[in-house]
Amino acid sequence: MVVFAGQGDARRSMALLWRTGGPGEVRPGPKPGLSVDAIVDAAIAVADSEGMAALSMRRVGERLGRTGMALYTYVPSKGELVDLMYDRALAELPTEHDLSGGWRAAVTSWAEHVLAFYLRHPWVLQVSQARPVLGPHEFAMLEGLVRTLRETGLRPRRLRGVVALLSDFVRGAARTVSESRQAPSATGVSDEEWWQARSSLLEEVAPGFAARFPMVTWVESEDDEPATDEPYLQRRVGETFAVGLAVLLDGIEAAVKSG
């Protein structure tokens, strides 16, 4: 399920995101107490616990003890609500990164924070990056990363590519873990059951697999990790995240040295 941001009225969405006035300031009705922030917090709670597919104005209203119609005075539609949720959730992320250990350590810390954030709020991964929300917390996140990477001395054009590469890398790793966590409940089959069933069938239907795909066999031949209760794919992503991030940072260092 992909959700595109910016589907509400552009002027109203931007005004609500940046709190420059608009529907959020109106407080009619016999029951005071609602606010844009309260509605957005309730919507995030719905998405965290039930998923983005369950999100509706009615469901958010129920969580607040109101009707869905009562929310429209503050947030004009679900389109604007998704924008507000996304940007407000990003406020959890630190915008300052300790540079005392150098930019590489700071970027590693940033990546770990962002990965953990996505896994706390997996619904954020469903909000497409094709159309950014353009809210204050989205820009604050970007500002912090660029400030850190500027220590490399790379020029803006190359640095934009580095920012995009790092962002896509972390988001991709988080998506794989998130989908792995969702798979057992969505399919009724655990990761262990799924892999065991198919690996045994692979030996049956492809008896010459190792000879046919020697490089695949070779690259999977080393697994020094001790047995744990962590699902296979989550463990593997944890390994590849650390290795992949280190390789990306090596590449950035090489780009810096090459001028």
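Is Leu134 buried, exposed or partly exposed? At 36% relative accessibility, Leu134 is partly exposed, where buried means under 20% relative accessible area, exposed over 50%, and partly exposed in between, with a 1.4 Å probe and protein chains only. I will come back to Leu134.

First, the ground rules. This is a predicted model, in which local features need pLDDT of at least 70 and side-chain atom pairs count only at pLDDT 80 or more, while totals for chains, interfaces and linings use all residues. Residues are numbered from 1 along each chain as its sequence is written, and side-chain values use heavy atoms, with hydrogens and water left out.

Now the overall layout. The protein has 11 helices and zero strands; helices are DSSP runs of H or I with at least four residues, strands are runs of E with at least two, and both are numbered from the N terminus. The C-alpha atoms fill a box of roughly 75 × 50 × 30 Å along the principal axes. Of the 259 residues, 35% are buried. Take the contacts between residues at least 6 apart in sequence: 73% of them join residues at least 24 apart, with contact meaning heavy atoms within 4.5 Å.

There are two domains, domain 1 (10-90) and domain 2 (101-258), with bounds from an automatic or database domain assignment. Their centres, taken over C-alpha atoms, are separated by 32 Å. At the boundary, 15 residues of domain 1 are in contact with 17 residues of domain 2.

On annotation, the unreviewed UniProt entry gives "domain: HTH tetR-type" for residues 33-93. Such annotations may be inferred rather than shown by experiment; their positions follow the numbering used here, and feature names are shortened. That stretch is 59% helix and 0% strand, and its end C-alpha atoms are 28 Å apart. Residues 56-75 are 40% helix and 0% strand, with end C-alpha atoms 12 Å apart.

Next, the core. The largest nonpolar core has 60 residues; a nonpolar core here is a set of buried Ala, Val, Leu, Ile, Met, Phe, Trp, Tyr and Cys residues joined through side-chain atoms within 4.5 Å. Those with the most contacts inside this core are Leu55, Val60, Leu81, Met85, Leu149 and Leu166. Elements giving two or more residues to this core include α1 (10-17), α4 (78-90), α7 (156-187) and α11 (232-258). The core draws at least three residues from each of domain 1 and domain 2. In general, nonpolar side chains tend to be buried together in soluble globular proteins.

Which helix is largely enclosed by the rest of the structure? That is α4, because 11 of its 13 residues are buried. Among them are Leu81 and Met85, but also Glu80 and Asp83. What covers the buried residues of α4 includes α1, α2, α3, α5, α6 and α7. The end C-alpha atoms of α4 are 18 Å apart, which agrees with the 18 Å its 13 residues should span; the expected span is 1.5 Å times one less than the number of residues.

Then α7. This helix has 32 residues and reaches 45 Å from first C-alpha to last, close to the 46 Å expected. A kink of about 30° lies at Arg181, shortly before Pro184; the bend at a residue is the angle between axes fitted to the seven residues ending there and the seven starting there. Gly188, with a positive phi near 80°, follows α7. The buried residues of α7 pack against α4, α5, α6, α8 (191-205) and α11.

Leu166 touches Val107, Trp110, Leu149, Leu245, Leu248 and Ile252, leaving out residues up to four places away in sequence. Leu119, in helix α5, touches Ala174, Val177, Ser178 and Arg181, with the same exclusion of residues up to four places away. Leu119 is partly exposed, at 22% relative accessible area.

Finally, backbone torsions. Most residues other than glycine have a negative phi. Leu134 sits in the loop between α5 and α6, and its phi is positive, near 65°. Arg19, in the loop between α1 and α2, has a positive phi of about 55° and is partly exposed at 44% relative accessibility.
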